[in-house]
Amino acid sequence: MNPMELRGRWVLVTGASSGLGREMARILAVKHGANLLIVARREDRLSELKAELEQGGGVKVETCVADLSKLEDVDRVIARATEGRALYGAILNAGVTHFGPFEKLSWDAFRSMLDTNVVATVRLTTALIPHLEAEGGGLMIVSSMAGLHPVPYQSHYSATKAFLVHFGVTLWHELQGRTVSVTSYAPSGVVSEMTAGESFTPLRRWLMPVAAAAEEGVEAFRTRKYVHISGFSNRVGSVLARLLPQRLATSLVAAQYRSALKKQSTL
Ligand SMILES: NC(=O)c1ccc[n+]([C@@H]2O[C@H](COP(=O)([O-])OP(=O)(O)OC[C@H]3O[C@@H](n4cnc5c(N)ncnc54)[C@H](OP(=O)(O)O)[C@@H]3O)[C@@H](O)[C@H]2O)c1
């Protein structure tokens, strides 16, 4: 399929109030001239971004305040995205993590993570694909390297992201030969609110600037990549990690995270 032609087309971006989602929204509007429907819970952040991006007068930006851990809000986003507009693209980026021993995540917080990271993504993808296909467009699911390689101390998160990788990749195959693409994006660690907590401080040297991760994400989406890992060294690292027995590779990751958590005394 040809790369996506985003200028003047409508693209949905979830989790656009901060981090990767906000930066990808900026690139889509400023560099590619896409019109945006931006989604998150924090209305003030969405309004600020809308004002910033519409300032130049070249694009239209609509905001939709929604809590994607709630099915009724997910369905409201689907209606906003598809009714009265030709939706061409969707970047399903909203997500939450828990960094720490698995027992420390409450059941309610786990359910909310599962609903946000997994259930909302599946529901949005399923509902949006026919609309995107009618326009010859594409969808990108933001997973994580933690979905490709297990990350102890982010156990629930890593598992939700593994679900997303498998879901995205299998859809890519099922949709082959049709007029819509599904890309899976697996960023490594990124500087954002998600990694701003003190527990992440010892791991900060591994994090990628958010602008660079967003640039790679938008390019993977635009060029309809299959799976894209951010950063050359991470792509090499991912290949090398697959050559090791999983228990050894995961032990190395566990040691890094255990040491980071010990420094913050949360173990
Ligand atoms: N940072 C990393 O190291 C890293 C690495 C790999 C993958 N990722 C993935 O990249 C994506 C973006 O993360 P980020 O690093 O940019 O983190 P972030 O700055 O915390 O952004 C997360 C975004 O998701 C939105 N969100 C969270 N829960 C939501 C809910 N229930 N309903 C609606 N929106 C919700 C947040 O908006 P509101 O709070 O305003 O709702 C925010 O806009 C996530 O899927 C994350 O898993 C991040």
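This report covers aromatic ring pairs and charges over rings in a predicted model.

Local features need pLDDT of at least 70 and side-chain atom pairs pLDDT 80 or more, while totals for chains, interfaces and linings use all residues. Residues are numbered from 1 along each chain as its sequence is written, and side-chain values use heavy atoms, with hydrogens and water left out.

A pair of aromatic rings is described by the distance of the centres and the angle of the planes. Rings of Phe, Tyr and Trp (its six-membered ring) pair if their centres lie within 6.5 Å; planes under 30 degrees apart count as stacked, over 60 as edge-to-face and the rest as tilted. The count by this rule is 4 aromatic pairs.

Helices (H or I, at least four residues) and strands (E, at least two) are DSSP runs, numbered from the N terminus. Phenylalanine 99 and tyrosine 257 are both buried (under 20% relative accessible area; exposed is over 50%, partly exposed in between; 1.4 Å probe, protein chains only).

Tryptophan 172 belongs to helix 5 (residues 155-174) and tyrosine 226 to the loop between helix 6 (210-222) and strand 7 (227-229), 54 residues apart. Tryptophan 172 is partly exposed at 25% relative accessibility, as is tyrosine 226 at 34%.

A charge sits over a ring if NZ of Lys or CZ of Arg is within 6 Å of the ring centre and within 35 degrees of the ring normal. Arginine 9 has its charged end over the ring of tyrosine 88, 4.2 Å from the centre. Arginine 85 lies over the face of tryptophan 10, at 4.4 Å from the ring centre.
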